[in-house]
Amino acid sequence: MSQIDAIVFDIGNVFVEWSPHFLYEQLIPDSEELAYFLENIVTLEWHTEHDRGRPFREGVKILSEKHPAYADLIAAFDTRWADTIKGTIDGTIDIVNRLAEKDMPLYALTNFSQEKWPTFAHEYKFTDHFNGVVVSGEEKLVKPDLKIFDVTIKRFGLKPSQTLFVDDRLDNIRAAEAAGLIGHLFEGPEKGPSILETHLKELGIF
């Protein structure tokens, strides 16, 4: 019998392949210019503030005033945000479908803009399997801050030592483990689902 009685999933790069690169490779054909833009203009640090609750309109305004020559490209991060998603990671979705059939309590904890989440959740129906979702933008907290793990544990009444947490970033896994959860590092779209399935079998879930 498994000692795991709930599983909490990250969303980006666990269920869908996400990166600003997927959008901007469509808009900036020169590879050197693309690399410069993503390293110096539309950075993950800037985007994290949207995940922390900053409205996209405000974030775009701040960055466009700082880099007016790139204003149109910066604005595209909001208006064409859907293009930052390359596609689904079907192996993980299959696993969640099977877990739902077994009535495993499933939750999500995601660094995600509160503006973009409702449309995403409506479009990607695998999210219907989650009994609850903690969205960073709504909480004004982002992983790996331990406070957002505490929010998740308390909101869903989780027993940390009996809860598996799946995420693609090691810093988030370490934070989850510091909060008492059992961590599983998702190792990319190619081998991640099969490694996760193996771990679930080892835990007696499958």
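These questions and answers walk through a predicted model.

Local features need pLDDT of at least 70, side-chain atom pairs count only at pLDDT 80 or more, and totals for chains, interfaces and linings use all residues. Residues are numbered from 1 along each chain as its sequence is written, and side-chain values use heavy atoms, leaving out hydrogens and water.

Biologist: Is Thr110 buried or exposed, and what is its relative accessible area?
Modeller: Thr110 lies in strand E4, residues 106-110; strands (E, at least two residues) and helices (H or I, at least four) are DSSP runs, numbered from the N terminus. Buried means under 20% relative accessible area, exposed over 50%, partly exposed in between (1.4 Å probe, protein chains only). Thr110 is buried, at 0%.

Biologist: Why do the buried residues of H4 line one face of the helix?
Modeller: In H4, residues 56-66, the buried ones are Phe56, Gly59, Val60, Leu63 and Ser64. The arc is that of the directions from the helix axis to the C-beta atoms. Seen down the axis of H4, its buried residues line one face because they fall within an arc of 125°.

Biologist: Which residues are exposed on the other side of H4?
Modeller: The buried residues of H4 pack against helix H3 (44-51) and helix H5 (71-79). On the other side of H4, the exposed residues are Arg57, Lys61, Glu65 and Lys66.

Biologist: Which residue lies over the face of Phe56?
Modeller: A charge sits over a ring if NZ of Lys or CZ of Arg is within 6 Å of the ring centre and within 35 degrees of the ring normal. At 4.6 Å from the ring centre of Phe56 lies Lys116.

Terms used
Contact = heavy atoms within 4.5 Å.
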